[in-house]
Amino acid sequence: MEKVLDKLKEIESGEVGIIIYSQLEQDIVCSLNKELLVPLASAAKVAIAFCVTQLVAERKYKWNDIVQDISFNPKEDSNELYPHFQNRETLALQNAVEVMIACHDSFIANKIVQFCGGWDKINKKIKSNFKNINITRNPMDLDNIGELSQMLELLRFIFLEYKNNPELWIPIINGLVRQQGEIEGIPTHHLNHMTGGLEKVVLDIGIIGEFTQNPLLYVLGAKDLPSRYKDKVADEKIIDAMKLLYIEYSNQETETKSEWSANS
């Protein structure tokens, strides 16, 4: 994991942090600036989805409840991932949550939140579980923010709950799996994640590796970067760090299989 950290430390401007949790070790295996507060941008939609799923678990809503007056953000990619939804004016709540995650769709996010009681209610609910996460209607708002360590705990909670109760948590996982965010050298089915980005901010929260074979859970964030519209260095370093993280996962799996073979 030192190679991952070393690569991130090559980002000379701004602040960067990462936390990596190993399902195999059942522990955090790497961290840097774990208490860093980073604007969430689209990644806040994971927190929204968490709150909605909790409300469904509490029987306040059902996944087959119908969300009305649906519209899709034309700047996002729902027309590619969900072409069959494009003329729909209604969606089941579970489908709306999946689209929100998979397509980073702020229009759908607002419809979901309004359906479930409004932004104040959803923000209060997320803070009751994760006090250092704050979500806003505008994903570009700098008050739409989260602490890396709590974002990891949020992701870990979702991952574990999906294993225990997949029918309840499937809309979030479907969205993460379906999302388009490929990195060369990492098989698409080994990168299930949610990204968020602003001009000077990068956030990536996800699951890397075979979903059912001890993947690594990670949260990576950087802020106060040089303008990413003009300077791609930080983005390139982060992509390189992700590739190194996948190598770490692959090495872990190779070592694990070797140990099984030796003991069989």
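Trainee: How many bridges join strand E1 to strand E2, and do they run parallel or antiparallel?

Mentor: Two strands pair if DSSP finds at least two bridges between them; strands (E, at least two residues) and helices (H or I, at least four) are DSSP runs, numbered from the N terminus. Here, 5 bridges join E1 to E2 (residues 27-32), and the two run antiparallel. Within this pairing, Ile-19 stands opposite Ser-31. This is a predicted model, in which local features need pLDDT of at least 70, side-chain atom pairs count only at pLDDT 80 or more, and totals for chains, interfaces and linings use all residues. Residues are numbered from 1 along each chain as its sequence is written, and side-chain values use heavy atoms, with hydrogens and water left out.

Trainee: What lies between E1 and E2 in their hairpin?

Mentor: The hairpin has 4 residues between its strands. In the turn, Gln-26 has a positive phi of about 55°.

Trainee: Why is E1 described as largely enclosed?

Mentor: Buried means under 20% relative accessible area, exposed over 50%, and partly exposed in between, with a 1.4 Å probe and protein chains only. In E1 (residues 15-22), 7 of the 8 residues are buried, so the strand is largely enclosed by the rest of the structure.
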